[in-house]
Structure formats: C-alpha cells, structure tokens
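Reader: I'd like to learn how to read a structure like this one, feature by feature. Could you take me through it?

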Amino acid sequence: MTSRKISRRRFAAGTAVASTALVAAPFVRGAYAAGKLSIGFWDHWVPGANKGSEELIREWAAREKVDVTIDYITSQGNKLLLTIAAEAQARSGHDILSFSTWLPAAYAEQLVPMNDVVEPLIKQSGAVNATVEYLGKVKGQWLAVPATIGSQMKGPCSRIDLLKQHAGIDIQEMYPIGAAPKADNWNLQTFLKAAEGCHKAGVPFGIGLGTTSDSVDTCGAIFHSFGAQLVNDKGEITVRSDGVRQALEYWKQLVRFLPPDSPSWDDASNNKAFVSGKSAMIMNPPSAWAVAKRDAPQIADQTWHHGFPSGPKGRFGPFLPFFWGVWRFSRNQAAAKSLATFLSQPAAVEKLVKASGGYDIPSFSNLTTLKVWADEAPPKGTLYHYPNPHNHQTLSIAAAPAPHKIAQQIYTQGVQTQMVVRYAVRNEPIDRVLGWASTEIEGFMRN
Amino acid sequence: MANIAAGTVRDVAGDNRSGLTKFMQRKSTIAFLMALPLLVLIFSLVAYPAGYAVYLAMLNKGMTRFVGFANFTFLFSRETFWMVVWQSCLFAITAVMFKAIIGFIVAHFVHNIPSKGQRKWRGMLLVPWVIPPAMSTLSWLWLFDPSYSAFNWLLQPLGIGPIPWIGETGWARFSVILVNVWIGAPFFMIMYLAALKSVPEQLYEAAAIDGATWWQRIWFVTLPMMRNIIAITALFSTIVTFANFDIVRVLTKGDPLNTTHVFATWAFRIGIEGNDIPLGATVSLFMVPILAVAAVFILRDITKRGSEV
C-alpha cells in the first residue's frame with residue numbers, strides 16, 4: 001500500500017489551476033460533458049416562429065450532444081412573468097429563460113453575468129443601442145444576452161391611403177424602400193395635424209391611454225421627445241420640470257383627436273381598430289399587419305411601418321428587447337451560454353427574423369439591415385424602416401433613465417399615461433397631476 | 001426463572017399490542033387519520049402559503065432584510081391604497097347585496113314553478129355560476145369592448161350612448177359589479193331555494209289563517225326561517241368577492257386610473273408586475289382582518305340563534 005503526501009502549497013496551486021480551467025474553459029462537447037439543458041423561451045405571437053427557433057436549437061443540440069427540453073411559455077395572462085417569479089422564488093427551473101425588458105435588472109442578483117458572451121457578440125455584430133444596454137447591463141455587467149426572439153419596435157404602423165387622403169402625407173415617399181428617411185418635416189406638429197385630419201375623417205389614430213404596454217410605450221416616446229423625465233438617472237424626482245409640463249400640454253392637444261374611449265384601451269384594442277379599418281395609424285410591431293394579411297388583405301396592402309415624429313429634444317421610438325438569461329442555480333451554465341452565442345450568430349439571427357416574418361429585431365447594429373425586411377410584402381418594403389436601419393431615431397423605453405427598480409414601477413403602473421388621462425381627459429389642474437405623480441414615485445423609491 | 005422472565009416480556013408486549021390496537025380503534029384516532037389527507041392538503045396549500053405571505057410581507061423591497069411592519073405602515077401613507085380599500089369594500093358589499101336580493105327573488109320564482117319543469121329552470125339559471133369566470137368575463141369584455149361594444153350597438157338606434165363601459169370610473173365600477181352579480185347570483189338562488197323548500201308548509205297555512213298578507217308571510221315566516229342560510233351565504237360570498245381577482249383582471253385590469261382595483265389585482269400589479277413581492281404580499285394580507293371581523297360578527301350571530309333554538 002502506497003501513500004502520496006501532497007503539500008499545502010501544491011494543493012493550493014492545483015486547486016487554483018483546476019478552478020481557473022473550469023471557469024475559463026469554453027463549453028466542451030463530449031459524451032459526458034454536454035449533459036442536459038432545459039430551455040424556457042417566449043411563445044411567439046407569429047405562427048411558425050417557434051418552429052424556426054426549435055430547428056436551430058435542435059441543430060445546436062445535435063452538434064454539441066446536449067439533451068434539450070424546450071418549453072415555449074406564453075406571455076398571455078402573464079404566464080412567462082409568473083414562471084420567472086416562481087423559478088426565482090423556488091431557485092429551481094429552466095437553465096436558460098427569456099426575460100422581457102425590465103426583468104434582467106429585476107433579477108440581477110440571481111442571474112449569471114454574461115459579459116463573456118455579450119462582449120464578443122458586440123465585437124462580431126456591432127454595438128447594441130443605448131436602451132438595450134440600459135436594460136441589460138447593470139454596474140458594468142451584462143445580466144443577460146440581448147435576444148432576437150421577441151425584440152420589437154413599437155413605431156407607427158400607418159395606412160398609406162388614409163394618410164394621403166386625410167392628412168396629405170405620402171408616407172412611402174417620406175420613408176422610401178432601400179433609402180434613408182426624408183422625414184425632416186415629420187415632427188410632432190405635423191403628427192398633430194395629421195391626427196386632426198384623420199379624426200375628422202372618422203379614422204382617428206389608434207393610440208391608447210391605458211396602463212398596458214402599448215399605451216405606456218407611445219406615451220413614453222412622446223415624453224422623451226420633450227426631454228420629459230419623471231426620475232433622472234441619479235434617482236432624483238424631476239416631475240415638476242418644463243419638459244414634463246410641455247409633454248402634458250402636447251398630450252392635451254393630441255387627446256382631442258384620439259378615440260374617446262382610449263383610456264380603457266389595452267394591447268388588443270389598437271390592433272382591432274387597425275385591422276377593422278377604423279384607424280389610420282397605430283403604434284405597433286408588425287403583428288397587426290400580419291393579422292390584416294390573413295383577415296383583411298385590402299388593409300395589409302395599404303400598411304406602412306415607419307419612424308416616430310420628432311419633438312423638441314429629438315426623435316424617439318419605443319424599443320422593447322427580450323433577453324436570454326441564465327439563473328445562478330442553473331446546472332448547465334456553460335451549455336446555456338453556448339446556446340445563447342449560437343442563436344446570436346448572423347446566420348441564426350437571419351433565420352429567426354425570417355421565421356417571425358420580420359417581427360423580431362436583433363439588438364446588434366450590423367444585423368438590422370437584413371434583406372428580409374426589404375422583401376416582406378404586401379406592399380413590398382413595408383417593413384424596411386421597421387428595424388431603424390438608418391438609425392433615424394433614438395430607440396428608447398418609457399421611464400428611462402430612472403434607476404431600474406423605480407423605472408419598472410413607473411412603467412408597469414403606467415404613471416405617464418395616468419398623468420395624461422388626469423390632465424388631458426379629466427382636466428385636473430396640472431399642479432395636482434404633478435403632485436400626484438411625485439407622491440406615487442416617492443412610494444416607488446423605498447428600499 | 002428464565003421462563004418467568006420470558007412470560008413477563010411476552011405479557012408486556014401483548015399489553016403494548018392491545019394498547020396500540022385500542023388506540024387505533026378509538027373513534028377519534030380513526031377520525032383523525034381519515035381527516036389527515038385533508039389536513040395535509042390544507043396545510044400545504046393554505047397554511048404554508050399564508051405563513052409564507054406573512055414572512056414575505058415583513059421583508060424589504062429587495063427581500064434582503066427583515067423590516068417588521070414597515071410595509072404595512074408604508075401602505076397606510078399611500079393614497080392609492082386607501083382608494084383600493086374603498087373600492088374593494090364598495091365592490092364586495094354592493095355585489096353581495098345585489099346577489100342576495102336577486103338570488104332571493106329568483107329563488108321565489110323558481111320555488112313557485114311546478115316541480116315538473118323546475119329542474120330545467122334550475123339548470124339554466126345555474127349556468128353563469130358553473131362557467132369558469134375567466135371565460136365568461138372574456139365574453140363580457142367583448143360586450144363592453146371600448147370600440148365594438150355589442151351593448152352600445154344595441155343602444156345606438158335608441159339614441160343612447162356610446163357608453164364608456166370600462167373607460168370611465170363610474171361605468172367601469174358598475175361593469176365589474178354587474179359581472180360579479182351575474183356570476184354569483186345563481187349560487188345565492190340555489191342556496192335560498194334549498195332553504196325555501198325546508199320551510200314547513202304549515203307555517204304558511206297558519207299565517208294565511210291569521211290573515212297575513214304576502215309581505216307579512218315573507219317578513220314573519222320566510223325570512224326568520226332562512227336567516228342562518230342567508231347569513232352563511234352572505235359570509236361565504238363576501239369572502240369570495242373580497243378576494244376576487246379574475247373579473248377585474250380580465251375586464252379592466254384595474255383601469256381607468258386604478259379606480260377598479262381590488263386587493264388581489266393591486267397586489268398582483270405591485271408584487272408580480274412591479275416586482276415588489278413584499279409589498280404585494282402586504283396588500284394581499286389586508287383582506288384577512290376585514291374578512292375576519294365580518295366572519296366573527298356573522299358567525300357569532302348564527303351561534304346565538306342556534307343556542308336560542
């Protein structure tokens with residue numbers, strides 16, 4: 001019987017080498033190393049889009065010898081949100097999961113840092129916009145990988161014929177296929193006049209003022225156009241600023257031309273208004289157009305997606321990215337990172353965008369000029385300007401740049417739309433509205 | 001000596017066995033064992049989550065430290081919280097009152113239908129109660145739809161409307177209460193019908209001989225005989241209505257301007273959507289004292305009447 005003595009120094013050195021190798025090593029394929037991976041992805045609205053991602057995942061799994069299980073979790077009825085909350089509480093669940101807008105920051109302490117995945121992807125495919133960075137990177141650490149699946153713009157989706165007829169705007173000329181926008185005159189005043197014309201004609205702009213995402217996003221973009229922040233990046237309440245007052249005054253004028261029931265609109269109301277031909281413009285990704293292609297082709301033929309009007313402080317379009325995050329309790333973090341990297345490669349991204357009919361937008365700047373958006377029809381090129389290929393507008397999210405935990409509350413409780421309804425619909429005095437918003441936000445600041 | 005010792009051991013073992021057998025044969029033991037699965041279920045699905053909610057309500061927003069009752073005192077300072085308290089009370093009390101009145105009236109109508117056709121009516125009237133509320137509320141949502149309301153379409157030729165069913169505070173509150181009454185009234189109806197059937201016919205005959213009017217028969221015979229059922233049904237319905245989530249969530253999501261939120265929907269908005277789980281848990285716990293007070297009063301009254309009998 002022999003025994004080998006290991007010195008303390010040798011043991012420490014050996015452990016350090018082994019730990020470094022484990023942490024730094026890329027995911028290595030092998031019969032035993034690959035293991036299992038449980039995936040929870042967002043269940044796409046667009047029929048057939050899940051098939052595109054499933055094919056890619058199977059291709060990756062076969063190559064890396066990983067046993068994968070995929071769950072497509074709907075966001076209907078907040079199922080994805082509830083799944084994430086439950087998994088975070090139980091510290092058990094999917095290895096890699098789709099996180100919408102605010103959730104990476106909300107679960108920052110429980111997510112594996114992704115700098116080693118995102119930074120090479122940025123080098124490879126170009127920078128991400130400021131909104132993606134604001135939502136996905138906290139204190140210098142990427143909390144999740146910007147995902148192509150589900151990431152969307154909520155810019156104007158307009159009727160070509162109705163804008164021409166009732167507002168005198170040739171939107172295709174303003175936003176031509178294959179070329180930069182000629183939209184210098186497309187500002188909030190032009191927008192207001194167009195809203196008035198379409199309202200008089202009985203086809204008002206379908207902008208909601210409820211507390212669901214579509215309403216909040218549009219309201220937030222217009223607030224940004226006036227430089228109206230409710231809370232600044234330092235966490236100070238800035239509700240009583242000139243920008244906020246100007247934004248509310250603008251809304252007061254705009255509300256006169258919106259449907260009278262807009263305070264009760266949800267995310268389906270604008271789609272229904274557009275597809276039924278009752279609205280000349282809504283703020284939406286191409287889902288309404290996709291439904292119109294199926295149910296009302298004559299409306300789809302006349303649909304054009306384009307940029308937001310500009311305001312005194314710039315042109316802002318709402319961008320809502322999804323992310324892929326990996327829990328700290330995930331048992332196969334290396335495989336999860338490998339999958340996120342694979343799905344972010346240009347070829348995979350192109351396949352995902354095609355499968356979604358152009359709905360999904362990658363966050364990396366070099367990937368926003370894919371041919372699919374120029375080719376989608378009818379009418380050909382309707383989606384060309386949808387992914388902001390000429391960086392014509394600043395991609396933004398309502399409630400930014402407030403610290404995440406405050407911003408998430410401002411966003412989910414629809415504080416901006418509530419301010420608009422109080423001031424512009426209920427005619428409450430502006431100081432009372434600003435006071436109400438300040439008090440609400442003070443409440444969001446508790447630690 | 002050894003044999004004696006062995007015999008003693010056997011006796012002790014025999015005594016133990018018979019003791020265990022006796023213990024197992026006791027009615028209370030059998031009752032406990034039979035109730036055990038239910039107790040486990042109640043503990044795991046009610047007691048544990050309730051205890052966990054209390055624990056969560058005493059954590060800070062980041063769930064990293066214990067803050068005692070700070071979340072409760074914080075809520076007391078919020079305008080929206082008091083609005084939700086007011087709405088929850090308005091919603092529950094109004095809905096329960098209308099459900100009780102409608103249930104009582106309909107139960108009388110059904111009671112007076114000849115027994116041959118009564119079963120059909122009972123079945124039909126129960127339909128709103130047996131459909132899953134989320135589904136039926138979705139149908140109501142389409143009837144109230146801001147732009148395509150079927151009600152407004154019907155009212156338009158009469159020169160009425162369009163009514164903002166879920167777009168204006170007053171109408172939105174009316175709509176959520178209406179749907180709750182529509183779903184819940186059949187439960188009251190069936191409970192009251194059962195109570196009506198158990199009122200002895202002789203009491204009505206005696207009242208008729210004494211020359212009691214229709215109203216006097218209701219007031220002095222029917223209502224006293226139904227008091228316990230009315231109280232229990234009202235208590236049960238108050239608890240369920242206070243804790244309602246699906247109707248408000250599907251119909252208005254608490255809009256406009258948070259004026260239709262009840263405790264459960266506001267707790268969801270804050271806790272899950274706003275990612276402030278401790279505050280959400282705190283909001284949801286506010287239902288407990290309100291319902292406990294209601295339960296104590298109603299049950300005390302029932303016990304008092306029970307002992308009088």
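Predicted model: local features only at pLDDT ≥ 70, side-chain atom pairs only at ≥ 80, totals over all residues.

Reader: Is His108(B) buried or exposed?

Author: The general idea is a cut-off on relative accessible area: buried means under 20%, exposed over 50%, and partly exposed in between (1.4 Å probe, protein chains only). His108(B) has a relative accessible area of 16%, so it is buried.

Reader: What is His108(B) in contact with, leaving aside its neighbours within four places in sequence?

Author: Contact means heavy atoms within 4.5 Å. By that rule, His108(B) is in contact with Leu196(B), Ile218(B) and Thr222(B), once neighbours within four places in sequence are set aside.

Reader: Now for domains. Which domains is chain B divided into?

Author: Domain bounds come from an automatic or database domain assignment. For chain B this gives domain 1 (14-57) and domain 2 (74-308), with C-alpha centres 35 Å apart.

Reader: What area do domain 1 and domain 2 of chain B bury between them?

Author: Buried area is the accessible area (1.4 Å probe) that two parts lose on being put together, summed over both. The two domains of chain B bury about 360 Å², 80% of it on carbon and sulfur atoms. On the domain 1 side, Ala53(B), Leu56(B) and Ala57(B) lose the most area to domain 2, together 87% of what that side buries. That side of domain 1 has four nonpolar, no polar and no charged residues. For the classes, Ala, Val, Leu, Ile, Met, Phe, Trp, Tyr, Cys and Pro count as nonpolar, Asp, Glu, Lys and Arg as charged, and the others, Gly among them, as polar.

Reader: How many salt bridges are there between those two domains of chain B?

Author: A salt bridge is a side-chain nitrogen of Lys or Arg within 4 Å of a carboxyl oxygen of Asp or Glu. The count between domain 1 and domain 2 of chain B is zero.

Reader: And what does the domain pair in chain A look like?

Author: Chain A has domain 1 (33-152 + 321-375) and domain 2 (153-319 + 379-444). Their contact takes 25 residues from domain 1 of chain A and 28 residues from domain 2 of chain A. These domains bury about 2,200 Å² between them, 66% of it on carbon and sulfur atoms. There is one salt bridge between them. Asp375(A) and Lys380(A) also meet through their side chains in a salt bridge, at 3.3 Å from N to O.

Reader: Finally, how many residues of chain A are in contact with chain B?

Author: 35 residues of chain A are in contact with 34 residues of chain B. The area buried between the chains is about 3,200 Å², of which carbon and sulfur atoms give 45%. Gln89(A), Ser264(A) and Arg446(A) supply 20% of the area that chain A buries against chain B, more than any other three residues.

Reader: Which residues form a salt bridge there?

Author: The count between the chains is one salt bridge. Lys272(A) forms a salt bridge with Asp145(B), with the closest N and O atoms 2.4 Å apart. By class, the side of chain A that touches chain B has 11 nonpolar, 15 polar and nine charged residues.

Terms used
Residues numbered from 1 in each chain as written. Chains lettered and ligands numbered in written order. Heavy atoms only, no water.
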